[in-house]
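Reader: Could you show me how to read salt bridges in a model like this one? I would like the general idea, then the case at hand.

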Amino acid sequence: MKKILFAVAASAAVFATSSAFAAPDDAGTGYIGLGVVGSHYKFDVPNATSTTDRSGDKATGKIYAGYNIDKTWAIEGGYTDFGKKGYDYTVGTGAGHIQTNAYSYYVAGKGTWPVNEQVALFGKLGVSRNHNAVTTTGIAAVSGGDNKSALYASVGAEYAIDKNLKVSLEYENYGKNNIDLGRKNGAITAGLRYNF
């Protein structure tokens, strides 16, 4: 037990020491970025027999920009296109098809905490505006496409390639859609951003 406590204390000391040498973003600078977003889709239709997969994953894109208020805090906004996904099914002898087309906008505050000169952890909290257009054919009985505002949250890590170029990996939760078919709340995003 003492060895474990010593290892934890030593790790904390190394973390604290390495944080002092971090090179965070300068206050008053901005950044732009692109991301590849991996999201999960699921279609639940009562009594349906599927002719295609009712759930799966899809890779799409994201663009975002931010402003560094100081070395810890920033404000960020972005647009994520979740793309289109369809589902064919039958109920009894009748056939149906559901097609969704989802995208989101978000604005959030971002806090960044350096681990060492190249690695930092971050979290974001804000609001998203989600759109999930659902169209149906055949016997499908759902449709809609209204926008819905929801809580947006994210946690991740970034790696500085140099002073201006960073890569990141994060988990984002955009909140619920107005219709619970198609894109689910969470997504994994790999990003590349440039400071200016």
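Author: Happy to! Keep in mind that this is a predicted model. The general idea is a distance test: a side-chain nitrogen of Lys or Arg must come within 4 Å of a carboxyl oxygen of Asp or Glu. Here, glutamate 170 passes with lysine 62, their closest N and O atoms being 3.7 Å apart. Glutamate 170 sits in strand β8 and lysine 62 in strand β3 (residues 55-68), so this pair ties together parts 108 residues apart in sequence.

Reader: Are those two partners, glutamate 170 and lysine 62, buried or exposed?

Author: Buried means under 20% relative accessible area. Glutamate 170 has 5% relative accessibility, so it counts as buried. Lysine 62 is buried as well, at 4%.

Reader: Which residue forms a salt bridge with aspartate 25?

Author: That is lysine 166, with the closest N and O atoms 2.9 Å apart. Lysine 166 belongs to strand β8 (residues 165-173), while aspartate 25 is in the loop between α1 (2-19) and β1 (30-42), so the pair joins parts 141 residues apart in sequence. Lysine 166 is buried at 8% relative accessibility, and aspartate 25 is buried at 9%.

Reader: Which residues are linked with them in a network?

Author: A network of salt bridges links Asp25, Lys110, Glu158, Lys166 and Arg193.

Reader: And how many salt bridges does a search of the whole structure find?

Author: Ten.

How values were computed. Residues are numbered from 1 along each chain as its sequence is written. This is a predicted model: local features need pLDDT of at least 70, side-chain atom pairs count only at pLDDT 80 or more; totals for chains, interfaces and linings use all residues. Side-chain values use heavy atoms; hydrogens and water are left out. Helices (H or I, at least four residues) and strands (E, at least two) are DSSP runs, numbered from the N terminus. Buried means under 20% relative accessible area, exposed over 50%, partly exposed in between (1.4 Å probe, protein chains only).
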